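Hello! Here are some friendly notes to read alongside the model, arranged point by point.

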Amino acid sequence: MKSILIIGMGKFGHHLCDNLLDLKNDVMVVDQREDRVSDLIYKVTNVQIGDCTDPQVVKSIGVGNFDIVFVCIGANFQNSLEVTNLVKEMGAKYVVSKANRDVHEKFLLKNGADEVIYPDRDIAVKIACRFSVNNVFDYIELDDEYSIYEIPPMKEWIGHTIQELNFRQTYDISILGIKQGEKTNIAPAADYEFQEMDHLIVLGTAGSVRKILK
C-alpha cells in the first residue's frame, strides 16, 4: 500500500483514484471545485478544496508525506506546469504529471515531473496494437523492441506442455504467466499443459508475436 496524493479531479483523476483505491492504496485528493470531489468524501483518506498554484495551499497539504503525487490538471497547462514545479520544490518525493500533448511532456519533465503520463497517446498505441493483430487481449510496451502481450494459445499447442513444444527456442518468446479466469499462474513449470481457455502472458518482439498469431 502506498500513500498517494492526486491533484486535479477531472475524469482521469476520478478513474485513477478509483483504481488506486481498489488496489488498497491510501489516497488523498485535491481540487479547486467542491463538486468534483464531493462524491469521494467517504471513499478516500482526505479531501481538500484548494488552488494548488498557491504555495500556502501546497504547504498545508504536506506533499513530502506522500509516496507519489499525481498532477492531473488537464484543462490548463500553465496551472499544471506551476503545480508540478511547486510540489517538487516543496518536497514531493515522486511527481507524476499528466500531459495532453507531446510538447507538454518536455516542459513538465524540465519543471519537476519525475515521470509524465500521456493517457490519450498511450491508449491509442495500445488500441492500435490490439486491433492490428488478431487475438491480442492486452498489450504493454516495455521499450522500442519488447512488449508484453496477452494472447490465446494456438490450436496445435492444446494438450502439449511447454517443454514438449520447446517453447522459448521454437517461438522466440517467453511465457511470463498463464491466466485462467481470475487466477494467474506466474512462471508456469515446464510440464504445464496448455488448455483451450488459457490466456498466455508472453514477452517478445512484435515480429515474434505476430508470427504465431497469423
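Which residues does Glu150 touch, not counting residues up to four places away in sequence?

1. Glu150 touches Asn135, Val136, Phe137, Asp138, Lys179, His199, Leu200 and Ile201, where contact means heavy atoms within 4.5 Å. Before going further: this is a predicted model, in which local features need pLDDT of at least 70 and side-chain atom pairs count only at pLDDT 80 or more, while totals for chains, interfaces and linings use all residues. Residues are numbered from 1 along each chain as its sequence is written, and side-chain values use heavy atoms, with hydrogens and water left out.

2. Glu150 sits in strand S8; helices (H or I, at least four residues) and strands (E, at least two) are DSSP runs, numbered from the N terminus. With 9% relative accessibility, Glu150 counts as buried (buried is under 20% relative accessible area, exposed over 50%, partly exposed in between, using a 1.4 Å probe and protein chains only). Its side chain makes a polar contact of 2.7 Å with the side chain of His199. Such a contact is a pair of N or O atoms within 3.5 Å; within protein, one must be able to donate a hydrogen and the other to accept it, and residues adjacent in sequence count only if both atoms are side-chain atoms.

3. The largest nonpolar core has 21 residues, and Tyr149, Ile151, Trp157, Phe167, Phe194 and Ile212 have the most contacts inside it. Here a core is a set of buried Ala, Val, Leu, Ile, Met, Phe, Trp, Tyr and Cys residues joined through side-chain atoms within 4.5 Å. Elements that each supply at least two of its residues include strand S8 (146-151) and helix H7 (206-213); H7 gives the most, with 3 residues.

4. There are 7 aromatic pairs in the structure. Rings of Phe, Tyr and Trp (its six-membered ring) pair if their centres lie within 6.5 Å; planes under 30 degrees apart count as stacked, over 60 as edge-to-face and the rest as tilted. Tyr139 and Tyr149 have ring centres 5.3 Å apart and planes at 55°, so this pair is tilted. Tyr139 is buried at 8%, and Tyr149 is buried at 4%.

5. Trp157 and Phe194 are also worth a look: their ring centres are 5.6 Å apart and their planes at 35°, so the pair is tilted. Trp157, Phe167, Tyr171, Tyr192 and Phe194 form one aromatic cluster.

6. Finally, a backbone point. Asp172, in the loop between H6 and S9, has a positive phi of about 60° although it is not a glycine.
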